[in-house]
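Dear colleague,

Here is the structure I promised to pass on. Please open it alongside this note.

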Number of protein chains: 2
Amino acid sequence: MRILIVGANGTIGKAVAAELSERHEIVTAGRSSGSFQVNIADPKSVSELFSAVAKVDAVVCAAGNVHFGPLEEMTAEQFDIGLRDKLMGQVNLVLAGREFVSSGGSFTLIAGTLSQDPVRFGVSASMVNGALESFVRAAAIELRDHRINAVSPSVLQESMGAYGPYFRGFEPVPAKRVALAFSRSVEGAQTGRIYRVE
Amino acid sequence: MRILIVGANGTIGKAVAAELSERHEIVTAGRSSGSFQVNIADPKSVSELFSAVAKVDAVVCAAGNVHFGPLEEMTAEQFDIGLRDKLMGQVNLVLAGREFVSSGGSFTLIAGTLSQDPVRFGVSASMVNGALESFVRAAAIELRDHRINAVSPSVLQESMGAYGPYFRGFEPVPAKRVALAFSRSVEGAQTGRIYRVE
């Protein structure tokens, strides 16, 4: 397979590339790294990405920003960051990518455990991850030529330096395990699934 | 209690008003009806609503638009309708309402069964309802002075004329049963709950 990985230079993206490159051709994209640059929050940038990359058999996304902060201080603009970037950014990849992904190909998006298990300061991430899970379930029943799944990991072992204080008591997961879930989605046959890695 | 119902003139809003007005003082708001007008998608309009309404003990929302249509034709702009209105509109009510809702008071938002059980053409509604459920779970752990819940109904008996073709095989629920779930939220003690009416 020829697989486009968006966010290929992040902790998860690198682990997914390592897992999938053993068996497949990998095309990397990222905001400022990888073979192709893309701002997923901008539908035009996403369209240009696919025009440049051309046909692939799978799209993997391991990118997306949200604002972390106390609900008490959150503004509509701060919620908007996650809605534009992690949520609609990934939806943009699906909307624009359909005509470039081969028949029978797949989309695998990144959600996160906060949809189900919230933490302090994570209200925007919870909202966005919940939206992504329901989007994937819904899109799966309408996409006739493609599969779509999401991977929903707990906090990463590799990110505990930065995120540890938010996730006390959570069992962190190594990016390598998260990459296996992406492999199940890309190389499996399911659609509409949320692969939780906890 | 003094209870603000946003969307009080809709099918659900009217049923909630009927249920709660037996025991409480009801203040009605809506886009073009009710005692106060508000466009929930506009944070400024929501702030003005609360300034005009002043102190309440509970906020109930039974309002919010999303775009229904085939995923194949959906644009980012069409997804945006639901994100602005049903999702952020209700979040705006929480953000602006906190200082006007008395200590121990509550917010009850409206989600919907499509978060879990998608139907054709409902991908935006699924996304928005999933976002709302996760938002409610997350907001509940950070709101110290207030409770927050969501009611997630199946298709309404009263709406089967318009929505029946989308919801074949679903058991429609009468608005009166949905109103009971709002009453459980407003008059109960739970927080972070999704009351499913199916």
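**How the two chains sit together**

Keep in mind that this is a predicted model. Chain B can be laid on chain A by a turn of 180° and a shift of 0.0 Å along the axis. The same surface serves both copies, as 100% of the contact residues of chain B recur in chain A. Within chain B, B:Ala131 comes closest to the rotation axis, with its C-alpha at 2.0 Å.

The contact counts are 39 residues of chain B and 39 residues of chain A. Between them, the two chains bury about 3000 Å². Carbon and sulfur atoms carry 66% of that area. On the chain B side, B:Leu71, B:Met127 and B:Glu142 lose the most area to chain A. Together they make up 21% of what that side buries.

**The sheet in chain B**

Chain B has an open sheet of seven strands. The order is S3-S2-S1-S4-S5-S6-S7, and the pairing is parallel. Strand S3 (36–37) and strand S7 (194–197) of chain B are at the edges. Each has a single partner strand, so one side of each is left without a neighbour in the sheet.

Helix H3 (residues 76–97) of chain B lies across S1, S4, S5 and S6 of chain B. H3(B) runs at about 175° to S5(B).

**The sheet in chain A**

In chain A, seven strands form an open sheet with parallel pairing, in the order S3-S2-S1-S4-S5-S6-S7. The edge strands are S3 (36–37) and S7 (194–197) of chain A, each pairing on one side only. Look also at S5 (residues 101–110) and S6 (residues 147–153) of chain A, which run parallel and are joined by five bridges. A:Phe107 has A:Ile148 in S6(A) as its bridge partner.

Helix H1 (residues 11–20) of chain A lies across S1, S2, S4, S5 and S6 of chain A, at about 170° to S1(A). Helix H6 (residues 175–187) of chain A lies across S1, S4, S5, S6 and S7 of chain A. H6(A) runs at about 155° to S5(A).

**Aromatic pairs**

The whole structure holds 16 aromatic pairs over all chains. In one of them, the ring centres of A:Phe68 and A:Tyr163 are 5.4 Å apart, with the planes at 55°, so the pair is tilted. This pair links distant parts of the chain, 95 residues apart. A:Phe68 is in the loop between S4 and H3 of chain A, and A:Tyr163 is in helix H5 (residues 160–163) of chain A. A:Tyr163 counts as partly exposed, at 33% relative accessibility.

In chain B, B:Phe68 and B:Tyr166 form a tilted pair, 5.2 Å centre to centre and 50° between the planes. B:Phe68 lies in the loop between S4 and H3 of chain B, and B:Tyr166 in the loop between H5 and H6 of chain B, so the pair ties together parts 98 residues apart in sequence. Both count as partly exposed: B:Phe68 at 21% relative accessibility, B:Tyr166 at 28%.

Ring pairs also build a cluster in chain A, linking A:Phe68, A:Phe121, A:Tyr163, A:Tyr166, A:Phe167 and A:Phe170.

Best wishes

Notes:
Residues are numbered from 1 along each chain as its sequence is written. Chains are lettered from A and ligands numbered from 1 in the order in which they are written. This is a predicted model: local features need pLDDT of at least 70, side-chain atom pairs count only at pLDDT 80 or more; totals for chains, interfaces and linings use all residues. Side-chain values use heavy atoms; hydrogens and water are left out. Copies are superposed by least squares on the C-alpha atoms of residues with pLDDT of at least 70 in both. Contact means heavy atoms within 4.5 Å. Two strands pair if DSSP finds at least two bridges between them. Helices (H or I, at least four residues) and strands (E, at least two) are DSSP runs, numbered from the N terminus. Axes are lines fitted to C-alpha atoms, for helices over the stretch in contact, and angles run from 0 to 180 degrees between N-to-C directions. Rings of Phe, Tyr and Trp (its six-membered ring) pair if their centres lie within 6.5 Å; planes under 30 degrees apart count as stacked, over 60 as edge-to-face and the rest as tilted. Buried means under 20% relative accessible area, exposed over 50%, partly exposed in between (1.4 Å probe, protein chains only). Buried area is the accessible area (1.4 Å probe) that two parts lose on being put together, summed over both.
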